[in-house]
Amino acid sequence: HSELTKEDEAEYGTGSSGNQGLFDTLKALEWVHENAAALGGDPNNIMIFGESAGAISTCALLTSPLADGLFSSALMQSGNCLWFPELKTSTLYSVPAEDLGSQIAESLGCDSEDLACLRNKSALEIVQSLPDANYRPNVDGAFLTSHPTISLYYGNFNKVPVVAGVTGNEGSLFVHYLGIQTEEELVEYLTEWGSNLGITDMTQLHNLYSVEEYDTPQEAFDQFYSDIIFVCPTKFLLESVSSHVPTYAYHYTHVPSWVNYNPNFEGWGSYHSSEMPFVFGTYLENLTASEVEFSSTMSTSWLSIANNTPQINGDEPWLPFVDAFSEGGYWAEFNATETKMVLGVKKNVVISFGLSGTDNSNRLF
């Protein structure tokens, strides 16, 4: 559907178009909540969680008034609440989905109402016409009534315990292919990408991600991408919600054993999504004995959040982020060698990018 039906409007209210996938997710969550007791579950004890784009969907539910009362905790893996479209200056909402469709049609040389023209285009033409970040949820006035950044900062979200975290090498999956070999190349890439992302202090940027700080130029750039796209926004999320609800952080640093046997993963480290098999306990037959045990540690820790008894290693308390706020917060560091509580993760990076000690209420990344 290109817009809310009359039945939808009666149930959810009016708004601009978009978010059909999120409305499907909401329907599924409503079904789970309504039928949990019949299936032997507790409708008052439902955790929602997701990784990457799934974490963005989790955030959308966390900040949607339509999901109020449907879940009891929210966990976001390698994703956050900041990567939503910026709001239009003249309205509380972002650009309606019809406008996005019209832009795509125009780029294909079609009128937005001319379905025959659009259907004659190849899959490649359509993919190439899509604007950047077209997957982002829409601040539509129905599912989302405000940008999640603003909602979280001011405490206008569903008040449940929140967990958020990152892997140690988020960026490698996305930029390791660049194959940066020299310090000169690293400086060029940092300058170009940093400028495009709005960073003005190039001296500090080059100092943070230098060959002196990291083993190789490519690893330095991997970490730059990881920090600016994942770590800093996740820290902002944690700092925002920790003053409103119980909040927990984690840092997954385990390098999976399969990285050693696949040359395509060389240098990737604990890359984006590599924690998933351990969380779900899948492909255990391909893991080492210590990794099988580690998988149990991670899945049990995730379940402890759902059960409102936050723990790591089975019985060790998962300390709230805010208990060490001035030192960068408490983080649960998950690694097959040792899982433990640590203080702060890359505190200097947060300060460098202006995410701490400043007014971020209208900062939309």
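**The disulfides**

Modeller: If the bonded cysteines of the protein are numbered in sequence order, the pairing reads 1-2, 3-4. The model is a predicted one, and a search through the whole of the structure finds 2 disulfides. A disulfide is a covalent bond between the sulfur atoms of two cysteines.

Let us begin with the disulfide that joins Cys59 to Cys81, where the distance from S to S is 2.1 Å. The link of Cys59 and Cys81 is right-handed, with 130° about the S-S bond. Because Cys59 belongs to helix α3 (residues 53-62), while Cys81 lies in the loop between β2 (73-77) and α4 (97-107), the pair ties together parts that are 22 residues apart in sequence.

We can now turn to the disulfide formed by Cys110 and Cys117, whose sulfur atoms are 1.9 Å apart. The link of Cys110 and Cys117 is left-handed, with -70° about the S-S bond. Cys110 has a relative accessible area of 9% and is buried; Cys117, with a relative accessible area of 18%, also counts as buried, because the word applies to any residue under 20% relative accessible area.

Conventions. Residues numbered from 1 in each chain as written. Predicted model: local features only at pLDDT ≥ 70, side-chain atom pairs only at ≥ 80, totals over all residues. Heavy atoms only, no water. Disulfide = S-S within 2.5 Å. Helix = DSSP H or I, 4+ residues; strand = E, 2+ residues; numbered from the N terminus. Buried < 20%, exposed > 50% of the residue type's maximum accessible area, 1.4 Å probe, protein only.
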